[in-house]
Amino acid sequence: MIILAIALAFIAWQGWQRLESQQQRLDEVAQQAEGSASQQAVSDLESRLDSGEAERDEALQSALSDLRSEFDSYRSNVDETLGQVLDQLSQEQDTDEREWLHAEAAYLLRLANQRLQLEGDVDGAAALLRTADARLVDADNPALTPVREAIANELAALDAVPQVDRTGLYLALNAQQERISSLRLSQEIEEQAVTSSIEEPPTGTFQRQLARFGEELKDLVVVRHHDEALEALITPEQESYLRQSLRLVLEQTQLALLNEEKELYDASIDKALQLLNDYYDTTREETQSVITRLEELKQAEVKPELPDISGSQQALARFIDNRYETRGQSGGDS
């Protein structure tokens with residue numbers, strides 16, 4: 001029994017050793033299997049991560065490419081639309097600018113006509129016509145050629161108008177007025193001292209003394225025969241009135257000059273010449289000089305004939321009316 005017990009104990013101990021050895025082997029196998037599985041899982045996970053990252057990069061690149069393509073297309077559409085809008089705005093702006101140029105030219109032409117007709121300002125009217133023509137040049141429309149042609153003809157007509165130096169004529173009349181104030185009248189009385197050739201008192205008989213006195217008297221008295229009646233000598237008051245009247249006549253001539261009244265201007269100078277010829281000493285050189293100068297001033301052109309410059313204004317008005325009518329018809333058709 002003891003031996004059997006010992007044999008059983010020995011057998012049990014060996015079995016336990018074998019079991020423990022097998023258990024160790026199983027644990028090692030399990031550990032190896034677990035390590036192999038973990039490594040495989042890690043490998044698989046890394047593979048999956050790499051694949052997912054590649055797919056994600058590919059998807060991201062694809063998305064970015066699509067976004068770039070869409071953005072380029074959108075930008076192209078925006079640029080095209082913006083260009084069309086800018087072109088349209090530019091065209092509308094050009095149209096508005098031309099309308100303003102037409103309106104400004106029409107105003108300048110109307111002002112030129114008023115300046116010429118109401119004020120007689122030839123130079124001012126010509127300057128306004130040239131400015132209006134410059135505005136039509138800026139409009140750059142071949143349809144405006146007839147208007148510019150009319151302006152050119154009107155400028156040529158204004159250039160042909162004689163220039164009137166009213167200031168010079170006024171001063172010339174004033175100078176003649178100053179000269180007339182010092183002229184001598186034809187009936188002016190000059191005081192002369194009476195002298196006698198009798199140096200010694202008469203002697204001899206009464207008849208001889210009387211005869212000698214008669215001879216001396218012939219030297220003092222001069223008898224002139226006139227076919228016409230003599231005019232009465234004028235008084236100092238009449239002389240002052242005459243000079244004042246001539247001065248007023250010349251002032252009236254100056255006023256007619258400033259008012260461009262040709263008939264009154266000529267009539268006033270004729271009246272001044274008549275007074276000079278009738279009452280002033282025309283034998284004197286200074287009197288003849290004044291008469292000659294007044295006759296020259298009478299030939300001056302006080303109010304030259306002004307041309308009609310309304311043709312360009314009417315032509316431009318017709319152009320603007322036709323333009324509005326054409327635009328209205330186009331708007332109605334649309």
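Leaving aside its neighbours within four places in sequence, which residues is asparagine 141 in contact with? In this predicted model, the residues that asparagine 141 contacts, once those neighbours are set aside, are Phe319 and Arg323. Asparagine 141 itself sits in the loop between α2 and α3, and its relative accessible area of 18% places it among the buried residues, because buried means under 20%. The loop also holds aspartate 140, which counts as exposed at 57% relative accessibility. Aspartate 140 has a further feature of interest in its backbone, namely a positive phi of about 55 degrees, although this residue is not a glycine. As background to that value, most residues other than glycine have a negative phi.

Of the 334 residues in the protein, 22% are buried. Among contacts between residues at least 6 apart in sequence, 75% join residues at least 24 apart.

The axes of α2 and α3 come within 10 Å and cross at roughly 160 degrees, and because an angle over 145 degrees counts as roughly antiparallel, α2 is described as roughly antiparallel to α3. The crossing in which α2 passes α3 is left-handed. On the α2 side, the residues that meet α3 are Val122, Ala125, Ala126, Leu129, Arg130, Asp133, Leu136 and Val137, while α3 contributes Val147, Arg148, Ile151, Glu154, Leu155, Leu158 and Asp159. Sorted by class, this contact of α2 with α3 has 10 nonpolar residues, 5 charged residues and no polar ones.

The largest nonpolar core has 26 residues, of which Leu129, Leu158 and Leu316 touch the most other members. The elements that each give two or more residues to this core are α1 (2-119), α2 (122-139), α3 (145-159) and α9 (311-333), and the largest share, 8 residues, comes from α2. Leucine 316 illustrates how such a residue is surrounded: not counting residues up to four places away in sequence, leucine 316 touches His102, Ala105, Ala106, Leu109, Leu136, Leu144 and Val147. Apart from this core lies another, made of 25 residues, among them Leu173, Leu185, Leu276 and Ala300.

Two packed helices are described by the angle between their axes and the distance between the axes. For α4 and helix α8 (residues 285-298), the angle is about 160 degrees and the axes are 10 Å apart, which means that α4 is roughly antiparallel to α8. The crossing of α4 and α8 is left-handed. From α4 the contact draws on Leu169, Ala172, Leu173, Gln176, Arg179 and Ile180, and from α8 on Glu286, Ser289, Val290, Arg293, Leu294 and Leu297. By class, the contact of α4 with α8 has 7 nonpolar, 2 polar and 3 charged residues.

Glutamine 176 deserves a separate look within this pair. This residue is found in helix α4 (residues 166-180), and at 6% relative accessibility glutamine 176 counts as buried, because the cut-off for that class is under 20%. Not counting residues up to four places away in sequence, glutamine 176 touches Leu250, Val290, Arg293, Leu294 and Leu297.

The phi of glutamate 260 is near 60 degrees, a positive value in a residue other than glycine.

Key:
Residues are numbered from 1 along each chain as its sequence is written. This is a predicted model: local features need pLDDT of at least 70, side-chain atom pairs count only at pLDDT 80 or more; totals for chains, interfaces and linings use all residues. Side-chain values use heavy atoms; hydrogens and water are left out. Helices (H or I, at least four residues) and strands (E, at least two) are DSSP runs, numbered from the N terminus. Buried means under 20% relative accessible area, exposed over 50%, partly exposed in between (1.4 Å probe, protein chains only). Contact means heavy atoms within 4.5 Å. A nonpolar core is a set of buried Ala, Val, Leu, Ile, Met, Phe, Trp, Tyr and Cys residues joined through side-chain atoms within 4.5 Å. Axes are lines fitted to C-alpha atoms, for helices over the stretch in contact, and angles run from 0 to 180 degrees between N-to-C directions. Angles under 35 degrees count as roughly parallel, over 145 as roughly antiparallel, 65 to 115 as roughly perpendicular and the rest as oblique. A crossing is left-handed if the near helix is turned anticlockwise from the far one by less than a right angle, and right-handed if clockwise. Ala, Val, Leu, Ile, Met, Phe, Trp, Tyr, Cys and Pro count as nonpolar, Asp, Glu, Lys and Arg as charged, and the others, Gly among them, as polar.
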